[in-house]
Every structure is written in C-alpha cells, then in structure tokens.
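Visitor: I'd like to know how the labels on a structure get decided. Could you walk me through a few?

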Amino acid sequence: MTTYKLLWVDDEIELLKAHILFLEKKGYQVETVTNGYDALDRCAEEAFDLILLDENMPGLSGLETLTRVKELLPATPVVMVTKSEEEHIMEQAIGAKIADYLIKPVNPTQILLTLKKNIQQKEIVTEHTQSGYQQEFSHLGMQINDASNIEEWKDVYKKLTYWELQLSEAESGMQEMLSMQRREANSEFAKFIRKNYMRWMEHPDERPVMSPDIFKHTVFPLLDKGEKVFLIVIDNFRYDQWRVLLSEIGDAFSVEENLYLSILPTATQYARNAIFSGLMPNNIAKMFPELWVDEDSEEGKNLNEEPLIKTQLDRYRRRNSFSYHKINHSNAAEKFVQQIPQLQKNDLNVVVINFIDMLSHARTESMMVRELANGEAAYRSITQSWLRHSAVAALFRTLAAQDCTVVLTTDHGSIRCYNPVKVIGDRNTNTNLRYKLGKNLSYNQKEVFEIKEPVRAGLPSPNLSTTYIFAQQDDFFAYPNNYNYYVQYYKDTFQHGGISMEEMLIPLITLKGKKR
C-alpha cells in the first residue's frame, strides 16, 4: 500500500492532534510545522504529496507562504485552511492555484475527502473504471455476438468508444483487453456489412441512413422548418474525436447525437461526393460526368463539391440559397468566422474542414508526427489541441451565438492498421491501402470483401471487368514486391477506405446554441 506524505502548516498545530492521529490511522504520514518559514525550509529539503496550509499565521502569512511554496513545488497540491470566509482571500488563494479551500473548523472526514480527491483521484478512478469495464466485458461480448441490425451495431460501437475513452483517461492497463474486444467486434461487423451491403444498395428504402441520404434525412427537414443551417463536414472525423470535441463545445450547445453509415469505399472521393450530390458514385458519373473524376485521373477528386450541392438542390426543386466554403488552415477559418454575420442571409452554408485528414496523412509520412500521435489517445489529444487552440474553436463559439442550427458530420472515419494482406494489381491499380479496384487484381477471396459487379453497389466501373476489393478490421493491402519495406512503412498508420466501425459508423450531430 502506498504511503502518502503530508505537510501540515498551522500555528495552532497542537489543537489538531486528533485530526493528525485520524489521518495516520488511515495510512498517511503527517509532518507538522507551525510557521511559513519552517514550511519553506521543509519544502526545499523534501517533496510532499500534499500540503495543508493555514491562511492566518503570524510572520509569513498563508498566502505569502503559498506563493513561495508554488515556486519550490509547483506540482504539489496545496489545500488552504482558514477561519476567514472573506471573498477576496478566497479569490487570492484560487488565483494562486490552490487545489482546495477548507473553512475552519474542519472535521476529519472533510480532510480525508480532499486528500482522496487531490492525491488519490487518478488511482481511485482507474480502479473504479477497470472494475466497471470488467463487469461490462461479458455483457458487451454477448452484444457483439448478437448484434443483427445497424442500431445494435451503433450501440456496440458507442459502448466500446466509451470504455476506450474511460480507460485511456484512467491510464488503465486493461486497454489491450479492450483492443482485443474491439478487434472481435470489427470482425463481426465486417460479416454484418458483407451480408447486407448489396441488399441495401439494391433496395435503398430498406437501408439505414447512408452518405447520399444526409441532405434528405437531416438538412432538408431543418430548412423546411425555416431554420438557417450551417452544415460542417470535418473530413475523416471519427466518433471518438466527436466525443472529444463535445467536451470542448458541449456547454454552448444543445446536442442531438446520431451516427450514420458511410458508403464504400470510405474515402472522400466517393463518400463526400455522395453526401453533396445525394447520389451513389455511379449515378454521379452517369448523370454528371463532368463532375465525376475517375481514380486514375490526376485531377483533384473533391474539386466539384459546390456544383454537386447545386445539382441536389435542383433535383429536389429546392430554391434554398446556399454558400460553400473549404477550410484547409487557420487563416481560412478566421476569414470564415468574420463572414458569419453576412452568411446568415443564406438558408444553407456548407463548410468543409480538412485538418484531421491532413493529420492522418502527415502521421503516415512524418516520423516526428507519428511520435507525437503514437497511439489512439495521443491522436485524439492532438485533435483536441487543434480544436481548442485553432480558429475552429472561435467558429463554434460564434455559431453558438447565432440564430441557426449546426449540422456537424463527416464523410468517413479511419482505422489504425496493423495486418498486411497481399494483393497483386497492374500499374493502373489505385494506391489506397484499404480498397483496390482494377481488372487484373489477384488476392485471397477469404481476406477481402469483393464486389465483382460495381454497378450493383452504386460504384463506377471504368472497365467491363473492374472488381472492387475492401480491407476489413485492421488489415491493409500490400504488394509482394518490396513487401517488407512496404509493410514496415505503413504498419501502425491510420487509413480509410475499407470496412470497420471506425470508418463506417460516423457522427451526424445537430447543434443549437443555448444562448441564442
């Protein structure tokens, strides 16, 4: 059992013997001094887990002692104990970053509570979180095995994400156990997608909400109610990243949280164009060939999003005014924020934000970025730092104060890939690591989800014999030539395009400012 060392500074320490005995019986080691000068001497010689500091002492006052203690031991929590309830003293103490504030007379239970909160909180939270996940483990396993429809899979994914965030925050050693359960879930989820995907494509009325349905399902009903709508699409934005963003902006908005299902491939060219056009990719290519860009083209794959939105509004005979904006850096975000008051005249304003996708690619290509985002928790942390410190934070704060509804979504998520799967293709085969299309692909059918008739899946078919294949779980495609180098370079990178909960079950959030 860990013994925690306390320093108690009080000029009337003799009156506190009963409290000290109580704490010592609870396993704390308590050292006492009667003035601020002695306290500083002890802090210069030794580290303490927590300091209890009387505010009203002769000589060096509690507040003066606090300031000097913080210089010596900046990370040590200090609890101020005082007879005074004067507001300015409390404010001074809080400004000096005290951990807690107790008013005399204090009872032993109060002190014990503040010690547990300020010294043992992480330890207690970790123990409680681990216990909670252990109790949930078997039930979650049964849910994974029994999930038979998309709503049940959404529930599984939400629970797995909840525990991932909880265990990560608690720095628990049980994350490997959770990772194994997540891999099991993704294996079963892939079976579910393989079983149902083609039926959904052929019978759109029976499918869950998917990429082409976002405007019809969410945006148009809001416009019909007379709402001014800002549709924000954050590229490559996973559900766990949304939960991180929620912790940053949740106090400013009323939130309606949903998940929807990305089409395959879970890649910008397909999924985001499907959102904006309201059509499956093959129909875009047939109806608007000038707006569809083939895989082998060097032209950018997402340069026609604004005209695609226009085609959807025209097809539904809607007269809504709209604007389209793409934000690739903070300067563009700052300019957009300045435009928001003028943009309120539009019925619909569409904003695409690309940072997270750029981070994902940078992590693959840069060893330094890979070190900074060396795991799921670190990847989320960088995302959170960007959300908190970039102009995107100002964007959400500004929108919270407007008379509008914000629809926040994405085109697809991403998954951290570990397992290479061999595939052979000709020089015209696309470069994505999670899906391939071509006419001369060679692969193990058991390791992929294959679509030999792309048109039935709503996908373009550049050649009569074009086949699409999709990686599942945490697989990625690797070519046999230069295999070891290729695997070493791409293993443990975040990729998208294939079948996993992280890529396909993605946020569809409706936000309304609380103060508007």
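**Labels and their cut-offs**

Guide: Let's start in the sheet, where F230 stands opposite V406 in β10. This is a predicted model, so local features need pLDDT of at least 70, side-chain atom pairs count only at pLDDT 80 or more, and totals for chains, interfaces and linings use all residues. Residues are numbered from 1 along each chain as its sequence is written, and side-chain values use heavy atoms, with hydrogens and water left out.

Visitor: What makes β6 and β10 a pair?

Guide: Two strands pair if DSSP finds at least two bridges between them. Strand β6 (residues 229-234) and strand β10 (residues 405-409) have five bridges, in the parallel sense, so they pair by that rule.

Visitor: Why is the contact between D54 and K104 called a salt bridge?

Guide: The term asks for a side-chain nitrogen of Lys or Arg within 4 Å of a carboxyl oxygen of Asp or Glu. For D54 and K104 the N to O distance is 3.4 Å, so the pair qualifies. D54 sits in strand β3 and K104 in the loop between β5 and α5, so the bridge ties together parts 50 residues apart in sequence.

Visitor: Why does D54 count as buried?

Guide: Buried means under 20% relative accessible area, exposed over 50%, and partly exposed in between (1.4 Å probe, protein chains only). D54 comes in at 2%, so it's buried.

Visitor: And how do you know whether D347 is buried or partly exposed?

Guide: Its relative accessible area is 22%, so D347 is partly exposed. Its salt-bridge partner is K228, with the closest N and O atoms 3.7 Å apart. K228, at 25%, is partly exposed too.

Methods:
Helix = DSSP H or I, 4+ residues; strand = E, 2+ residues; numbered from the N terminus.
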